[in-house]
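Biologist: I would like to learn how to read a structure, feature by feature. Where do we begin?

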Amino acid sequence: MSFTGTYKDLLVQNARRELDQAFGLKVETIASKIRRIGFSCTQCGICCRGCCTDNRVMLLQQDILTISENTAIAEFSLPFVPVEVEDALNGISDSSSLIPYTDKDGNVHSFGWMLRRKENGDCFFLESAGLSYKCTIYKLRPALCRTYPFYLEECELHTSECEGLGSSISCDDSLVLAKSVLDRYIHELEERILMYQRYEYFDPIDSNYVYSLERFKKGHVLYIVHDSEGTHRRCERM
Ligand code: SF4
C-alpha cells in the first residue's frame, strides 16, 4: 500500500475533516446510543483469545508508552498487518495479498503496531486458569480493549462481535465508556494524520516477488513500520 504526494495530501485532508467532526461529537449522545444497544462484559475472554474472533489489538502510541513505562516487558508489540497479509506470510492463503505491502527489496510494510500473541493465538497478556481468563495488565490495557466492542468510524458508533451486547448498562457506566470511545477515536485520527504526514514512499515489489516469497517461507521477514512517529525498520522471525 504505497501512496505518493497528491494522494497523501488527500488522505491528510480527509482525516483532518473527520477529526474536526469528531471534536463536535457529544459524549452524552454516544452514551445514549450505547445504552440503547446495551452492553455488559460477561468475562468470557473470547475477544482476547485466538480461537474465536480476530483478537488483534491495534496499539496507539499512548498504549505503548503506558505499558512500557509500567511493566518490565519490552517485547509486547508487533508490526500491524491486515489478516490476509498475515495469513499469506504464514503460507495459509494466497500470496497475492502481499503485493501491495511489499517493496522492491522484499521488505513488508506495515502501518502501526499491535499486541503480540502467544503461539496458540491468545493475547500475550491473557492468563487462563481452568475455564476462566484474566488480563494481566487490566489497569494498563490498551484503548481498544477498554472500549471493546464499541468503536467510532466516520463519526458513527459501531460494534464488534460480542456476546455481552444487548445487556443493560447503567447511565454512569455508559458515560465512562462513551468518553473512552470518543478519546480513542480522536487519538486514532490524530495518529493517522501524523502517520500520513510522515509517511515515506516505497517502490512496490517487482521481479523480486518469487525471491521474497521464498525468503518469507524460510521465516525471514523484515518489516518497515510506518506510524505517527515516522518510519521504523524491524526484523522479525515468524
Ligand atoms: S490486553 Fe488484556 S484485555 Fe486486551 S486483549 Fe490482551 S488480555 Fe485481553
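Biologist: Which residues is Glu18 in contact with, leaving aside its neighbours within four places in sequence?

Modeller: This is a predicted model, so every contact here is read from predicted positions. Contact means heavy atoms within 4.5 Å. By that test, Glu18 is in contact with Glu153, Glu154, Cys155, Tyr185, Leu189 and Arg192. Glu18 itself is in helix α1, residues 5–23.

Biologist: How many residues apart in sequence are Glu18 and Cys155?

Modeller: They are 137 residues apart in sequence. In space, C-alpha to C-alpha, they are 7.3 Å apart.

Biologist: Is Glu18 buried or exposed?

Modeller: Buried means under 20% relative accessible area. Glu18 has 9%, so Glu18 is buried.

Biologist: And Glu86, buried or exposed?

Modeller: Glu86 has a relative accessible area of 16%, so Glu86 is buried. Glu86 is found in helix α4, residues 83–89. Not counting residues up to four places away in sequence, Glu86 touches Arg56, Val81, Met114 and Arg117.

Biologist: What about Leu140? Where is its place?

Modeller: Leu140 is in the loop between β6 (132–135) and α5 (143–147). Its relative accessibility is 21%, so Leu140 counts as partly exposed. Beyond four places in sequence, Leu140 is in contact with Thr66, Ile67, Asn70 and Thr71. Take Asn70: Leu140 and Asn70 are 70 residues apart in sequence, and their C-alpha atoms are 8.0 Å apart.

Biologist: Now helices. How are two packed helices described?

Modeller: By the angle between their axes and the distance between the axes. Here, take helix α2 (residues 27–37) and helix α6 (residues 171–198). Their axes come within 8 Å and cross at roughly 120°. That angle makes α2 oblique to α6. The crossing of the two is right-handed.

Biologist: Which residues of α2 and α6 make the contact?

Modeller: On α2, they are Val27, Glu28, Ile30, Ala31, Ile34 and Arg35. On α6, they are Cys171, Ser174, Leu175, Leu177, Ala178, Lys179 and Leu182. Sorted by class, this contact has 9 nonpolar, 1 polar and 3 charged residues.

Biologist: On to strands. How do strands of a sheet pair?

Modeller: They pair through backbone hydrogen bonds, either parallel or antiparallel. In this model, 3 strands form an open sheet in the order β1-β4-β2, with antiparallel pairing. β1 and β2 (77–79) stand at the edges, each with a single partner strand, so one side of each has no neighbour in the sheet.

Biologist: How many bridges join β1 to β4?

Modeller: There are 2 bridges between β1 and β4 (residues 113–115). Met58 has Met114 in β4 as its bridge partner. You have met Met114 already, as a residue that Glu86 touches.

Biologist: Which strands form a hairpin with β5 or β7?

Modeller: β5 forms one with β6, and β7 forms one with β8. Start with β5, residues 126–129: 4 bridges join β5 to β6, and the two run antiparallel. Leu126 has Cys135 in β6 as its bridge partner. This hairpin has 2 residues between the strands, and Gly130 takes a positive phi near 65°.

Biologist: And the hairpin of β7 and β8?

Modeller: 4 bridges join β7 to strand β8 (residues 156–159), and these strands run antiparallel. Phe150 stands opposite Thr159 in β8. There are 2 residues between the strands, and Glu154 in the turn has a positive phi of about 50°. Glu154 has a relative accessible area of 57%, so Glu154 is exposed.

Biologist: Which residues lie on each face of β7?

Modeller: β7 covers residues 150–153. Phe150 and Leu152 are on the covered face. Tyr151 and Glu153 are on the uncovered one.

Biologist: Where is Gln43, and what is its phi?

Modeller: Gln43 is in the loop between α2 and β1 (58–59). Its phi is near 55°, a positive value in a residue other than glycine. With a relative accessible area of 66%, Gln43 is exposed.

Biologist: Last one. Which residues does a cis peptide bond join?

Modeller: Tyr148 and Pro149, with omega about 5°. Look for Pro149 in the loop between α5 and β7.

Note on methods. Residues are numbered from 1 along each chain as its sequence is written. This is a predicted model: local features need pLDDT of at least 70, side-chain atom pairs count only at pLDDT 80 or more; totals for chains, interfaces and linings use all residues. Side-chain values use heavy atoms; hydrogens and water are left out. Axes are lines fitted to C-alpha atoms, for helices over the stretch in contact, and angles run from 0 to 180 degrees between N-to-C directions. Angles under 35 degrees count as roughly parallel, over 145 as roughly antiparallel, 65 to 115 as roughly perpendicular and the rest as oblique. A crossing is left-handed if the near helix is turned anticlockwise from the far one by less than a right angle, and right-handed if clockwise. Ala, Val, Leu, Ile, Met, Phe, Trp, Tyr, Cys and Pro count as nonpolar, Asp, Glu, Lys and Arg as charged, and the others, Gly among them, as polar. Buried means under 20% relative accessible area, exposed over 50%, partly exposed in between (1.4 Å probe, protein chains only). Two strands pair if DSSP finds at least two bridges between them.
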